[in-house]
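Visitor: I have not seen this structure before. Please show me how to read it, one feature at a time.

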Amino acid sequence: MSLIPHVIVIGAGSTGSATAHDLALRGLRVTVLERGEIASGTTGRNHCLLHSGGRYCVNDKEGAIECIRENLILRRIMPHALELNDGLFVAVSDEDLAFKETFLAGCAECHIPAREIPVRQALEIEPFVNPDIRAAVQVPDGVFEPWRFCASFLATAIKNGAAVRNFTEVKDFIFQGHTVTGVTVLDHRTGETETLGADMVVNATGAWAGIIAAMAEVDVPVVPTAGVMVTIGERFNNMVINRMHLPHDGDIVVPIRNTSIIGTTSWRVTSPDAIEIPREQIDSMRQAGELLMPILKAGRQRGIMAVARPLISKANADARAFSRTFEAYNHRSQGAAGLVTISGGKTTTARGMAEKVSDIVCGELGIDAPCKTRTTPLVSYREFYN
Amino acid sequence: MNLYRPDLKRFRFLRWFDFRSWRLGMIAYILNRVTAIGLVLYLYIHLAVLTMLAQGPSSWDPFIRIARAPWFLALDVLLLAGMLIHGLNGLRIALTGFGIGVRGQKPLFVALMIVAAVALIAGALKIFAG
Amino acid sequence: MSITLTLRILRSRRDVMPHYETFEVSVSDAANVLDAIEQVWAHRDRKLMFRHACHHASCGTCAVRINGREKLPCIVPVADYSGKPLTIEPLRNFDIVGDLVVDMAKFFQNQQASDFVITRPTENELVGKPIAYTGGMDPESASTIPFNRFENCVECGICLSACPTMAGDHKFFGPAGLAAIKRQLDKTTDPVERKRLLELADGEHGVWRCHSAWECTEACPQQVFPAESIMALRKEITKKHFRELFGK
């Protein structure tokens, strides 16, 4: 029996992967449990946008500051899995132009490096952007690849001794009194059910956090909010093209590899599994994208995807108005000691989320180990399979 | 037959014959293998016949009679087809192997097979007329 | 509008022999085949094992065979099959982990063998002229850095499944791995590294094992052209051997 505490991380999306890496780096024994393929939930079907924070710098400053901080860290620790071509915020209408000063002030306040470039120069760099734009601001956006993002974190965790079990679904929690001491899992590879003991369990299941927490009869105020994205089979821009206004439906074109992703919409769903895509949303998405880049009309539609983001409910507001920041919950006070939940946030801030939840885990276990993920370069995602 | 059965793992080449996945390149690949087997078999038959003929004039005359039978002539046409397909397809593989005609390998295959068909018709006419 | 679709899925597990199971699901007419597979999982059988992540042909995890052809189901609309039943099978020439999931370990080892970097400098295919660009705006990287791209290859394994040579020789390096060597060769000018890459591609289970079926290029969903890369490598290797023959 090892004296090193064993921590189970449920979920191998961006949060779970980064948490496994963080805890393994702090010297703990880590087992990641994922019911399917890694990144098969929200992380996989996201925008692939490495946020500069520009999108949130006016109405969600906390989220924006997290974004730019994590953006700059990820550039250092996983340069091999990023397309770093910056982003361009363009003003399409008079209202957008009027918003420019607010936007620049927001960037400055959140310490997001932003610089206005003349419209003519912007159109020279990005010739397929709507020629009627009124202003353009360059910010350090980037593009990541969701599966490789998670696999990079997991590969590094495995190198540091973690075990990753995908296709292994958590079915129930094991309690001793008011303390979670393990989980019951179903291994889909073998069809067998087994129990795994743990000193701490981290619920990193994002939009599914509420469902998992309910198994332990505790509450997590997470609201699964779906969004649709449309992929065009051609690439017309080098940089990420954003519309310069408060985040809205279909106001961003993220180029990745040889495709462009237009997104996104936002509506609440009851179950985060296998969301049906409303056809009218696809059309409205394409129209909104064409306003930014008229040439997208000529592009052939390649894929469509919808998934639920985990939004943390803080007030009864419109889905867009929720903060995109994250929250960690220690369920000790709810009668489930040994269980913590981390949810909300974005893939860009996954490392920061991992740091926060790992601090709580170490605090609960009485371990004094500092977080080292800010400066530790990740190994290649391919080593996930070694 | 279910070719995914783990106990058939050693016979994975059987998957060549999953016709659902046959495209032009796969057809060329299979043709090349089938004709190769045919040509090798022919070489052994040829050797056997030569050994037989080497026994003297007594074996020669019956052989000529067989060789003039229509069914034997049909086999000659089959042999010619095998030679043309295998030879011309081999030419394409050799060329593309040296980086020549890489982008046009499909039209090249079609063109060479048309050449093979024309030569085969001409050859067949000659065989049956002669 | 939603349509009803019949999916015949090859199921297997460590302790279950491969067999077909038929499911009927209702999907939107705008859905892709991957959505239909996910519907089977969500509403018919939660034990179904399949890989998926990005749903837009970027991660390369979801590759399966649809009606005998290797595809990325995330970008194949169900409408392409106009309501006909679909047979979904895992990729060929890989070991099956369970249901539609295959073991990618050896594949990724081969991809890694050439130190294939998944990003590349852009060749400016969009604009046709070089752009003066100072990316990052990080004071430390103030020098002009070019735009970059992910490589076209998403490492899905489709080419290995389509390759008839792979079916006969499981040690074959595979079209994706050889194409990766070619890309890496294009990116490096270091003679030592170039020599290492060419030696990796040479040999019994390397480029010479290919028998020119061109199925990899046909099946590739991402314009990687592995067969063309193999031919280009053969040319390079032949040149190298000729030079060595004359002592250069």
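Guide: Begin with confidence, as this is a predicted model. Chain B has an average pLDDT of 88, and 98% of its residues score at least 70.

Visitor: Which elements of chain B have the lowest and the highest mean pLDDT?

Guide: The lowest mean among the elements of chain B, 85, belongs to helix α2 (residues 57-67) of chain B, and the highest, 94, to helix α4 (residues 105-129) of chain B.

Visitor: Next, the chains together. Of the pairs of chains in contact, which shares the most contacts?

Guide: There are 2 pairs of chains in contact, and chains A and C share the most contacts. Chain A and chain B are joined by no contact; their closest C-alpha atoms lie 15 Å apart.

Visitor: How many residues of chain A and of chain C are in contact?

Guide: The contact involves 47 residues of chain A and 47 residues of chain C. On the chain A side, the elements that give two or more residues are α5 (146-159), β17 (259-263), α7 (279-292) and β19 (301-312) of chain A. β19(A) gives the most, with 4 residues. Sorted by class, the side of chain A that touches chain C has 19 nonpolar, 13 polar and 15 charged residues.

Visitor: And how many residues does the contact between chain B and chain C take from each?

Guide: Chain B supplies 22 residues and chain C supplies 27 residues. Two or more residues on the chain B side come from each of α1 (24-53) and α3 (70-97) of chain B. The largest share, 4 residues, is that of α1(B). By class, the side of chain B that touches chain C divides into 9 nonpolar, 7 polar and 6 charged residues.

Visitor: Which domains does the assignment give for chain C?

Guide: The assignment for chain C lists domain 1 (2-102), domain 2 (105-116 + 153-245) and domain 3 (119-150). Taken over C-alpha atoms, the centres of domain 1 of chain C and domain 2 of chain C are 29 Å apart. Contact between these two domains involves 13 residues of domain 1 of chain C and 13 residues of domain 2 of chain C. The domain 1 side has 7 nonpolar, 3 polar and 3 charged residues.

Visitor: How is chain A assigned to domains, and what separates their centres?

Guide: For chain A, domain 1 covers 6-42 + 147-221 + 324-385, and domain 2 covers 89-143 + 223-312. The centres of domain 1 of chain A and domain 2 of chain A, over C-alpha atoms, are separated by 31 Å. In contact are 10 residues of domain 1 of chain A and 8 residues of domain 2 of chain A. The side of domain 1 of chain A that touches domain 2 of chain A has 4 nonpolar, 5 polar and 1 charged residues.

Visitor: How do I read a nonpolar core?

Guide: In soluble globular proteins, nonpolar side chains tend to be buried together. Here the largest nonpolar core has 209 residues, and Leu154(A) and Val202(A) have the most contacts inside it. α5(A) gives the most to this core, with 9 residues.

Visitor: Which residues does Val202(A) touch, not counting residues up to four places away in sequence?

Guide: Val202(A) touches Val7(A), Val9(A), Ile10(A), Thr19(A), Val340(A), Ile342(A), Val357(A) and Val361(A).

Visitor: Why does Ile367(A) count as partly exposed?

Guide: A residue is buried if 20 or more other C-beta atoms lie within 10 Å of its own, and exposed if 12 or fewer do. Ile367(A) is partly exposed because 15 other C-beta atoms lie within 10 Å. Ile367(A) is in the segment after α8 (350-365) of chain A. In sequence, Ile367(A) and Pro5(A) are 362 residues apart, while their C-alpha atoms are 9.4 Å apart in space.

Visitor: Last, how do I read a sheet?

Guide: Strands of a sheet pair through backbone hydrogen bonds, either parallel or antiparallel. In chain A, 3 strands form an open, antiparallel sheet in the order β3-β8-β4. β3 (49-50) and β4 (82-83) of chain A are the edge strands, each pairing on one side only. β3(A) pairs with strand β8 (residues 142-144) of chain A over 2 bridges. Leu49(A) has Val143(A) in β8(A) as its bridge partner.

Notes:
Residues numbered from 1 in each chain as written. Chains lettered and ligands numbered in written order. Predicted model: local features only at pLDDT ≥ 70, side-chain atom pairs only at ≥ 80, totals over all residues. Contact = placed C-beta atoms within 7 Å. Nonpolar A, V, L, I, M, F, W, Y, C, P; charged D, E, K, R; others polar. Core = buried A, V, L, I, M, F, W, Y, C linked by C-beta atoms within 7 Å. Domains from an automatic or database assignment. pLDDT = per-residue confidence, 0-100. Pairing = 2+ DSSP bridges.
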